[in-house]
Amino acid sequence: MRSKVSSSSPSQQQLSLVSPPVFAGVCRCFVGVSRCRSDPRGPQWTGYAAVMSSLLLLLLPLFILTPTTALEFRYHRNGEIEKYLRDISTSNPDIAHVYSIGRSVRGQQLWVLVLSLSPRHHSIGIPEFKYVANMHGNEVLGRVLLLQLIDDLVRGHRNKEAWSVQLLNSTRIHILPTMNPDGFDDAGTHCQFSQGRFNHNGVDLNRNFPDAFAGKRQQGQFVEETQEAEVRAVIGWLRSETFVLSANLHGGALVASYPYDNSNGGSEQVGGASVTPDNDVFVHLAKVYSYNHGSMHRGDSCKDGLSFNDGITNGYQWYALKGGMQDYNYVWAQCLEVTLEVSCCKFPPKDQLPALWTENREALLAFIRGQRSCV
Ligand SMILES: *[C@@H]1O[C@H](CO)[C@@H](O)[C@H](O)[C@H]1NC(C)=O
């Protein structure tokens with residue numbers, strides 16, 4: 001953990017990226033001053049211009065610094081997230097593109113930012129990847145982590161850092177920072193038990209997907225009749241993009257959980273787990289996250305009596321649930337999705353956010369690279 005802090009502390013990155021644009025600006029400004037020397041409006045004007053130029057020279061770094069300042073560690077409101085994603089895509093049109101997959105029950109857009117060297121279109125051979133957070137409105141660390149991830153990737157690319165350029169050149173990364181903006185608006189800040197988990201209709205979105213283990217007759221009816229707006233939006237999203245790998249960020253535990261979450265007691269049941277034909281890949285992917293995380297792999301980090309070998313678990317083995325998103329991704333969209341429980345506290349105090357980012361940063365990046373094991 002300590003070595004991670006020294007190699008990737010946010011303040012260090014901020015410093016290293018600040019200098020180049022400042023120098024560029026200073027050079028441009030000197031060109032302006034020298035042209036003023038031969039100004040036909042006379043020596044007085046030249047003096048005035050020189051003073052103004054020096055003033056400008058002093059102020060310029062302020063203007064240049066504003067957009068490169070690292071994203072603040074706090075809980076941004078839904079409107080602020082929209083503005084942030086739009087600003088990123090406006091100022092980085094070569095690698096970023098923002099779109100909405102639909103609206104929440106109360107009409108808030110579900111914004112996605114794509115980061116890639118080809119942000120607007122699928123390219124042959126470039127896998128589609130996605131991160132989803134805040135499906136439960138009161139599990140909020142994922143929102144913060146995904147915004148920081150965007151900030152980090154964009155900054156890395158702007159500084160031509162190989163880790164970022166390579167990631168954006170080999171993957172199209174779709175990021176949905178909040179799947180449940182209405183729930184977030186109602187969320188209480190208690191670590192485990194508080195309101196805001198459900199959507200505006202009081203429905204748990206991670207129980208509202210067509211269930212992989214329900215009968216065929218039921219599955220057909222589901223989409224039009226009983227799916228919530230947010231779930232319908234995600235289903236449409238899965239139909240429009242061919243995702244190969246995905247993670248869904250939750251809170252309240254520290255573990256990477258992989259499909260299935262449900263079972264109907266068929267051959268998928270193996271020793272208390274409900275396993276997919278791709279079980280070895282899922283176990284590998286879950287470990288990619290837990291071992292690149294600062295402490296998840298130790299498996300006992302929440303000190304609540306629960307322990308997970310290697311910091312991973314089969315979803316069903318932990319507790320069975322119907323209508324979950326990861327089973328739907330796997331069965332209907334052939335997308336390998338894992339559920340990442342990224343913090344013991346569902347709504348961590350703001351001052352813990354920088355350390356929580358440091359714990360998760362490398363794992364979030366490594367998991368995206370994990371798409372290599374899927375294609
Ligand atoms: C992206 O990857 C391709 C294929 O490996 C390579 O030819 C190209 O130079 C890369 N582009 C950048 C900007 O790294």
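S100 stands opposite W111 in strand β2. This pair belongs to a predicted model. The strands involved are β1 (residues 96–103) and β2 (residues 109–115), which pair in the antiparallel sense over 6 bridges. Together β1 and β2 form a hairpin, with 5 residues between them. In that turn, G107 has a positive phi of about 90°.

**The β2 neighbourhood**

Strand β2 also pairs with strand β4 (residues 172–176), again in the antiparallel sense, over 3 bridges. Here L115 stands opposite I173 in β4. Leaving aside neighbours within four places in sequence, L115 is in contact with I95, A96, I150, L153, L168 and I173.

Is L110 buried or exposed? L110 is buried, because 22 other C-beta atoms lie within 10 Å and the cut-off for a buried residue is 20 or more. Beyond four places in sequence, the contacts of L110 include S100, I101, L176, M179, E230 and A233. L110 and E82 are 28 residues apart in sequence, yet their C-alpha atoms are 9.0 Å apart in space. Helix α4 (residues 78–91) lies across β1 and β2 and runs at about 30° to β2.

**The sheet**

An open sheet is formed by 8 strands, in the order β1-β2-β4-β3-β5-β10-β6-β9, with mixed pairing.

E341 lies in strand β10. UniProt, in an unreviewed entry, lists E341 under "active site". E341 is buried because 25 other C-beta atoms lie within 10 Å. Not counting residues up to four places away, E341 touches H250, G251, G252, A253, L254, V255 and S257.

Helix α10 lies across β6, β9 and β10, and runs at about 30° to β10. This helix covers residues 279–292, 14 residues in total. From first C-alpha to last, α10 reaches 20 Å, close to the 20 Å expected at 1.5 Å a residue. Its buried residues are F282, L285, A286, V288, Y289, S290 and N292. An α-helix has 3.6 residues a turn, so residues three or four places apart point the same way. What covers the buried residues of α10? The cover includes β6 (253–258), β9 (312–314), β10 (336–343) and α13 (353–369).

| Strand pair | Sense | Bridges | Residues opposite |
|---|---|---|---|
| β1 and β2 | antiparallel | 6 bridges | S100 and W111 |
| β2 and β4 | antiparallel | 3 bridges | L115 and I173 |

**The core and the whole chain**

The largest nonpolar core has 79 residues. Those with the most contacts inside this core are L113, L115, L145, I150, V234 and A256. Helix α5 (residues 141–158) supplies the largest share of the core, 9 residues. In soluble globular proteins, nonpolar side chains tend to be buried together.

The protein chain holds 13 helices and 10 strands. Of its 375 residues, 42% are buried. Among contacts between residues at least 6 apart in sequence, 76% join residues at least 24 apart.

Technical notes:
Residues are numbered from 1 along each chain as its sequence is written. This is a predicted model: local features need pLDDT of at least 70, side-chain atom pairs count only at pLDDT 80 or more; totals for chains, interfaces and linings use all residues. Helices (H or I, at least four residues) and strands (E, at least two) are DSSP runs, numbered from the N terminus. The expected span of a helix is 1.5 Å times one less than its number of residues. A residue is buried if 20 or more other C-beta atoms lie within 10 Å of its own, exposed if 12 or fewer, and partly exposed in between; C-beta atoms are placed from the backbone. Two residues are in contact if their C-beta atoms, placed from the backbone, lie within 7 Å. Two strands pair if DSSP finds at least two bridges between them. A nonpolar core is a set of buried Ala, Val, Leu, Ile, Met, Phe, Trp, Tyr and Cys residues joined through C-beta atoms within 7 Å. UniProt positions are given in the numbering used here, feature names are shortened, and annotations may be inferred rather than shown by experiment. Axes are lines fitted to C-alpha atoms, for helices over the stretch in contact, and angles run from 0 to 180 degrees between N-to-C directions.
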